[in-house]
Amino acid sequence: MSETLTITDNRTGQSYEVPITDNTINAVDLRQISVPDQPGLSTYDPGLVNTSACRSAVTYIDGDAGILEYRGYPIEQLAEQCTYLEVAYLLIHGDLPNPEQLAAWEASITQRRFVHENVKALTEKTRHDAHPMATMMASVAGLHTFYPAGRRYDDPASRDLQVRRLIAKMPTIAAYSYRHSLGLPYVYPLDTLSYTENFLAMLFKMGEPRYKADPRLVRALEVLFILHADHEQNCSTTAVRTVASAGNDPYTSISAGIGALFGPLHGGANEAVLRMLDRIGDQSNIGSFIDGVKAGNEKLMGFGHRVYKNYDPRARIIKDACHDVFEVTGVNPKLEIAQELEAIALEDEYFKERKLYPNVDFYSGLIYEALGLPPEMFTVMFAIPRTSGWLSQWLEQVVDSEQKIARPKQIYTGKRGRSL
Ligand code: CMC
């Protein structure tokens with residue numbers, strides 16, 4: 001079988017043969033197809049829905065089959081058997097750590113949890129009611145001013161250091177952003193606690209000498225962090241790669257990823273789900289709400305995905321985790337509304353035809369709310385673990401000789417040839 005594509009340009013009757021590699025054609029091969037006074041042919045792909053912009057060995061998704069793997073391991077096994085820091089190591093290094101590697105990795109992350117006092121001052125200077133995601137984005141971008149050597153991304157040792165710093169400091173920055181939004185004093189990291197236990201302590205510790213989180217909540221948070229760690233070339237990862245393609249350090253690039261994740265169609269969806277469930281208020285209102293969605297008045301937030309045309313495997317794991325969390329915190333009546341909403345939508349032709357299923361954000365907000373977090377914090381909770389995914393993609397990109405500065409084309413629709 002010939003691995004080529006023959007294209008006939010009906011404008012000229014001319015045929016062209018272009019190679020097919022990895023089931024793709026190289027967009028640049030289309031340039032040879034041209035008519036007089038026009039540039040060569042290109043593709044029009046808003047949202048890059050059918051364009052591969054890189055090669056990546058980090059995350060595999062089969063959206064039709066509902067499969068998600070990090071470095072070849074199914075998400076279900078990782079969520080059940082690993083800690084978030086093990087998974088972060090896997091994403092960054094390509095393999096799971098052995099016990100010695102894990103101990104060294106955990107120790108080197110733990111020792112970098114503190115942030116410079118002036119990073120804290122950056123947080124303090126934002127408005128008293130600033131959205132914690134906006135504060136986090138500013139603080140991460142500000143890290144560049146403390147670590148300008150992050151620009152030496154061609155040095156493997158420098159890259160490794162920035163990666164550890166960012167993974168270590170994200171929970172601290174997130175917790176500071178949260179405490180700031182409530183006017184509470186910030187809590188410094190404590191080395192004797194695990195990554196997630198320490199994060200919960202930095203969020204919630206008040207006057208007690210030692211904050212002790214329920215182990216079931218700690219485990220639920222580990223699972224959520226694992227599920228959110230990477231998701232291949234999504235909007236925020238594309239933002240990170242685009243900014244990095246100009247030769248930027250990871251602080252600058254990841255602050256762009258945080259900005260993309262902030263959007264309600266991306267990481268902000270779990271915040272929107274909670275607000276939607278609040279608005280629905282009671283199971284008796286679900287029917288009219290669904291009618292409104294079908295009439296195009298609004299979207300059923302937490303449903304649908306660009307890639308999954310099946311049940312998002314992460315949503316299934318989170319739904320199970322909800323029950324463990326509610327065992328500790330008591331059942332949230334919104335879970336019943338969410339479950340009923342899901343059951344109705346899955347049987348409805350509108351959603352079936354369009355292959356709309358619950359995504360990762362449908363149930364995650366319920367857990368965050370049960371942990372005591374307000375909706376503004378939900379996207380922040382997504383950004384902390386996604387940092388390891390962004391960094392894995394950044395590490396891959398900086399050594400990929402095929403990568404170029406991102407610079408898409410446009411179809412010009414404006415006026416020409418004007419003069420004053
Ligand atoms: N509720 C109702 N209708 C929907 C929804 C929804 N949540 N999602 C898609 N549709 C409809 C859409 O209106 C369109 O209908 P029609 O063919 O009649 O015009 C059809 O389904 C196809 O949708 P699309 O907008 O072309 O799909 P997309 O791949 O461009 O968008 C999406 C994917 C996630 C942006 C979209 O499904 C959506 O807005 N969902 C709600 C927001 C959400 O939950 N986002 C979280 C995504 S998962 C977290 C992450 O990985 O970032």
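The paragraphs below take the helix pair and then the ligand.

This is a predicted model, in which local features need pLDDT of at least 70 and side-chain atom pairs count only at pLDDT 80 or more, while totals for chains, interfaces and linings use all residues. Residues are numbered from 1 along each chain as its sequence is written, and side-chain values use heavy atoms, with hydrogens and water left out.

Helix H4 (residues 117-124) packs with helix H5 (residues 132-146) at an angle of about 145°, the axes lying 10 Å apart. Helices here are DSSP runs of H or I with at least four residues, numbered from the N terminus, and axes are lines fitted to C-alpha atoms over the stretch in contact, with angles from 0 to 180 degrees between N-to-C directions. From H4, Asn-118, Val-119, Leu-122 and Thr-123 meet Thr-135, Ser-139, Gly-142, Leu-143 and Phe-146 of H5, where contact means heavy atoms within 4.5 Å.

Around the ligand there are 19 residues, of which His-266, Lys-299, Leu-300, Gly-302 and Arg-306 come nearest; a residue counts as near if one of its heavy atoms lies within 4 Å. The table gives polar contacts, pairs of N or O atoms within 3.5 Å.

| Protein N or O atom | Ligand atom | Distance |
|---|---|---|
| Leu-265, backbone | nitrogen | 3.2 Å |
| His-266, side chain | oxygen | 2.4 Å |
| Leu-300, backbone | nitrogen | 2.8 Å |

The protein covers 72% of the 940 Å² of accessible area that the ligand has on its own, by the Shrake-Rupley method with a 1.4 Å probe.

Technical notes: Helices (H or I, at least four residues) and strands (E, at least two) are DSSP runs, numbered from the N terminus. A polar contact is a pair of N or O atoms within 3.5 Å; within protein, one must be able to donate a hydrogen and the other to accept it, and residues adjacent in sequence count only if both atoms are side-chain atoms.
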